[in-house]
Amino acid sequence: MNADDRNTLAGARVATRLPAQDLDRARRFYSEQLGLEPVDERPGGLLYRCEGADFVVFRSTGASPGTFTQMAFEVDSIETVVSELKQRGVVFEEVDVPGFRTREGIAEIDGNYPSKGARGERGAWFRDSEGNMLGIGEPVV
């Protein structure tokens, strides 16, 4: 096997799938709270696009436990985004555990992936109408 055979997915686009037990409720949340509208839809699914990356909210009888970040948005100014979303009714998670604490919904996280050219990250988390845990991150350079 050569290196090209092992990297067949390296050139693929990644698309997240988020389950929704009530697709109409999810559509309202993504529109009213996040300001996002689907770019396409099919029975049982809504396709959203942000800067060339796609994610789908799909009708499902299952649900995520919401105990981990399922999808994150990387932004240039986390304070601006968190403030705007709070004004739209989004509730951010407050976390206070050893080594990790949020202040007004935003955490300072040491370290980052070297390829991103940052020394850390600032993060915030919230749940959508279906209990999916979503994150917002801003690299700290």
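I read the order of elements first: from the N terminus, the chain runs α-β-α-β-β-β-β-α-β-β-β-β-β. I counted three helices and 10 strands, taking helices (H or I, at least four residues) and strands (E, at least two) as DSSP runs numbered from the N terminus.

I noted that this is a predicted model, where local features need pLDDT of at least 70, side-chain atom pairs count only at pLDDT 80 or more, and totals for chains, interfaces and linings use all residues. Residues are numbered from 1 along each chain as its sequence is written, and side-chain values use heavy atoms, with hydrogens and water left out.

I checked confidence next. pLDDT is the predictor's confidence in each residue, from 0 to 100; its mean over the chain is 91, and 96% of the residues reach 70 or more. Where pLDDT is low, the predicted coordinates should not be read in detail.

I looked up the overall dimensions. The C-alpha trace spans about 50 × 45 × 25 Å along its principal axes. Of the 141 residues, 36% are buried, meaning under 20% relative accessible area (1.4 Å probe, protein chains only). Of the contacts (heavy atoms within 4.5 Å) with a separation of 6 or more, 51% join residues 24 or more positions apart.

I then turned to the largest pocket. A pocket is an open set of points on a 1 Å grid over the protein atoms alone, where a 1.4 Å probe fits, with protein on both sides within 12 Å along at least five of seven lines; lining residues have an atom within 4 Å of a point. The space in the largest pocket is about 390 Å³, a volume being the space filled by probe spheres set on the points, which are joined across faces, edges and corners.

Which strands supply at least two residues each to this lining? I found strand E1 (15-20), strand E4 (53-59) and strand E5 (69-74). E5 gives the largest share, four residues. The lining includes Val14, Cys50, Asp54, Phe55, Met71 and Phe73.

I ended on Gln70, which is found in strand E5. Is Gln70 buried or exposed? Gln70 is buried, because its relative accessible area is 19%. Leaving out residues up to four places away in sequence, Gln70 touches Thr16, Leu18, Pro19, Ser64, Gly131, Asn132 and Met133.

Technical notes:
Buried means under 20% relative accessible area, exposed over 50%, partly exposed in between (1.4 Å probe, protein chains only).
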